[in-house]
Amino acid sequence: MKIFIDTANVKEIEEASTWGIVDGVTTNPSLIAKEGKKLIDVIKKITSLIDGPISAEVSEGKANDMVNEAFKYARLHQNIVIKLPFTIEGLKACKILTSFKIKTNVTLVFSLPQAVLAAKAGATYVSPFLGRLDDLEKTDDSGYKLVKSIHEAFKEYGFTTQIISASIRHVKHVEQSILAGSDVATIPFKVLKDSYYHLLTEKGLQIFAEASKK
Ligand code: E4P
């Protein structure tokens, strides 16, 4: 499973890139707004830090406007992936961008039919949201079940669209992404850092450190 970092914060990307496990980056309008910078400037900077897929989300609502906006971002770097909302207009734009061989990430996916429609529109990636779905359903495995069903359906029907587990809130979601057969998990910086931690690893380190002093 590939690991993307779900942030627009340059410092976080810089630090995580030194860990040697980050394959790509996803951003969204909320993450860009948090940085208080222009999307184009943030994306340009990220391309200099990570050599892998970098998702930049369109803000337009009509397919043709989305396509024009997408061309602007795609021109910045070959690694740019255009993030499109799951709407009829978004999928129309997806189909057009796919015909131009521009990579796409269809976001805000909450059901298996949505994932299959995005795949049929030629999406390179589809992003089911684990955290937001669990919140809505008040469960801790609705997102997991969704990703698992998308994985099985894509395998069964031969879709090559890759699944990005998104809206990851904690390490359990990372575990669920792995178990559900996700191709990618896009993980916020804090959760990525938390994924390194286990109480027994810490205790084991202490025990070995004490032993090595003897
Ligand atoms: C990533 O592609 C998504 O935009 C992001 O994971 C959404 O996360 P949130 O539900 O925590 O906003």
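A residue is called buried when its relative accessible area is under 20%, exposed when it is over 50%, and partly exposed in between, using a 1.4 Å probe and protein chains only. By that rule S142, G143, L146, V147, I150, A153 and F154 are buried in α8. Viewed down the axis of α8, these buried residues fall within an arc of 135°, so they line one face of the helix, the arc being that of the directions from the helix axis to the C-beta atoms. On the other side of α8, K145, K155 and E156 are exposed.

The buried residues of α8 pack against several elements, among them β5 (104–109), α6 (112–120) and α9 (171–180), where contact means heavy atoms within 4.5 Å.

## Basis of the model

This is a predicted model, in which local features need pLDDT of at least 70 and side-chain atom pairs count only at pLDDT 80 or more, while totals for chains, interfaces and linings use all residues. Residues are numbered from 1 along each chain as its sequence is written, and side-chain values use heavy atoms, with hydrogens and water left out.

## Salt bridges

A salt bridge is a side-chain nitrogen of Lys or Arg within 4 Å of a carboxyl oxygen of Asp or Glu, and by this rule the count comes to seven. One of them joins D135 to R169, with the closest N and O atoms 2.7 Å apart; since D135 lies in helix α7 and R169 in the loop between β7 and α9, the pair ties together parts that are 34 residues apart in sequence.

Technical notes
Helix = DSSP H or I, 4+ residues; strand = E, 2+ residues; numbered from the N terminus.
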